[in-house]
Amino acid sequence: MARGFRTRKETEYTGPMFAWDRQTSVPADESLGATDAAAEPLMEAETEVIDLAAEFIDLNSVPGSGSGRKSGSESPDGSDGSGSPSQGELSAQRTEGVHTDSFQDPNPHTNSHPRTRGSRSRHTPATPPRRPHATAATRRHGKRFVAIVAIAVILALVLITGGALAGYRYYRLAISDCMHYQYAYQQSRAHLEAVAAEIDNAGDITVSEPSGIYDDSSCNAKQLPTTLAGRAHKFKTAWQQVETEITKLRKQAASDSANTTAGTTSSATDTSLLPMDLNLSGSTTAFANAIAHAQWMLDTSKDTVADSSTRIKLQRAIESALADTGAVQGTQLSTGTDLATRDAAADTANPALDSTAIAKSADTASGSLPLQTEISAVRARAGHVKALNKAVNAVVKSQNRKLGIDCSVQKCVALTFDDGPNEVSPQVVQTLQNEGVQATFFAVGQTVGAGSDSGSDSSADDSAMSSTMSSTMAKALATGSVIGDHTWNHTDLPSMSSADRAQQLVDTNRAVQSVTGQPVRLLRPPHGAFDEASRRTAVAMNLGLVDYDVDSYDWKSLNALKTREKILAQVRPGSIVLMHDIHQSTADALPDVIHDLRRLGFTLVTVPQLLDGYPAPGEVVYSRAMRVQW
């Protein structure tokens, strides 16, 4: 070659030429991250520069490139042996840091680390390595936070739901109490005025009337619950004052009567009765019904009482009433009458069921009797009626003890059914039988199927339906339920005359007694409507009035779920629940209602079981705790 140039092969040098060519000791995993596709073009350019320089420069004459440097002072780790990095090493580290940070690994399958501790520049801030345990802890904290939030949400929903249910219950109870205490005050006030008219020197009525007591909108549902509850409390206080005044006047009348008639009355005469009480309780119908019911109770209570002495006392009361010739006179009853067949009480010719006599007694209750003999007979019958009813109630209490029922300490509730029987009633009766529950039915006379003698025409279909209805009532009675009177055709009692009202009740009682054999002692006024005249008719027939404090509104909603909700929102110990056995929705809701009430700890009983006996004639019962006395 010209000028004695050496070939590339002759001048090839394998040592380091530039500082960035020095290879430092890098771990295998970090060296993998030091290579990337972007560095390859630059390395090729460096190789070309080295080749060109080798042609013009004698590499052996480069200072520091001799054999002494290769063999001498450089330590295996690339230092100059003095313990500190050389100028070239620092330059290599700086250059290497720049190159490494500038390129990325082109191979996605390699376990590369783009930024390692050894390949960073002094000017690049170090990023702390990831800590797996810190990430796991963060996740644990996140899960814990989510769990706490979920629990808080669930508790909030429970509290909101519970508060809403409690508020709804408070609202429903406020409406019910307001309506019933308002109506109870109105009826008690009317009765107080009637009692005061019977007593000489009774004085003025001192009970003040609260505002809005006769306003139908006072208990309108579209009011705040607190407003309704306040009015309910006001009406309740006024009603209790009226009841106290009635009791005071009756005690005064009893004291005056005892002083006037001392030594002239028989043992059966009750001197605490007012003249209107004598004329009503002493009616032949009340007397005959009391004897018939007492005899029925005596016949059906065998082996069902805890104390047999109560039956013995009841039998003696019946014998005493039949042995009183003055009381029996005019009733076609005698000691030889077979009351077990109920012929005397069911006979249409019997004055005991003479609607005309009942109406007359109700209309002239406060009038004086014309003859002394009639006065004696009336007093005797009224006394026997009271004694018979008391003996019957003693038997009911003994039956409760036998069954383990004590509603004074237990949470008792009475289910009642109105307007039947119809085609749905058998399902209701069957459900009660399956669940082992006794209830109280208030039957409409024309649907019982035993009143065809009252002038109604009957076809073959009507006869078949009548047979079904009759068997339904008989089955209900056989399973322990009680049958009451709900008038003949469901007409409001205050809207009828005394004669029509008495005829309705007489016909219904006769129909029920013909089908079931049970004389009727309970009356449910249609729509809960009654007045002072209605109560007088009830007294003349020895009937107690049974209202309610829980309206299921099944007649309005015709929905099983809503019926169930209304009952659960209002029921409390001692409640009387109103339902109707003529609606399919009620029959569908009944199993769940029974299960819900039992789950809440309620004992399901009949009305007589709830009250430890039958209500007194003319008494109005809303619940065990709310009773409007006669």
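What pattern do the disulfides of the protein follow, with bonded cysteines counted along the chain? The pattern is 1-2, 3-4. This is a predicted model, in which local features need pLDDT of at least 70 and side-chain atom pairs count only at pLDDT 80 or more, while totals for chains, interfaces and linings use all residues. Residues are numbered from 1 along each chain as its sequence is written, and side-chain values use heavy atoms, with hydrogens and water left out.

**View A. Disulfide of Cys-178 and Cys-219.** The structure holds two disulfides (pairs of cysteine sulfur atoms within 2.5 Å). In the link of Cys-178 and Cys-219 the sulfur atoms are 1.9 Å apart. Cys-178 lies in helix H5 and Cys-219 in the loop between H5 and helix H6 (225–260), so the pair ties together parts that are 41 residues apart in sequence. Helices are DSSP runs (H or I, at least four residues), numbered from the N terminus. The link is left-handed, with -75° about the S-S bond. Both cysteines are buried (under 20% relative accessible area, 1.4 Å probe, protein chains only; exposed is over 50%, partly exposed in between).

**View B. Disulfide of Cys-407 and Cys-412.** The S to S distance between Cys-407 and Cys-412 is 2.3 Å. The torsion about their S-S bond is about -95°, so this disulfide is left-handed. Cys-407 counts as buried at 7% relative accessibility, and Cys-412 at 1%.

**View C. Helix H14 (residues 425–435).** Its buried residues are Ser-425, Val-428, Val-429, Thr-431 and Leu-432. They cover an arc of only 160° around the axis, which puts them on the same side of H14; the arc is that of the directions from the helix axis to the C-beta atoms. Gly-436, with a positive phi near 70°, follows H14.

Terms used:
Helix = DSSP H or I, 4+ residues; strand = E, 2+ residues; numbered from the N terminus.
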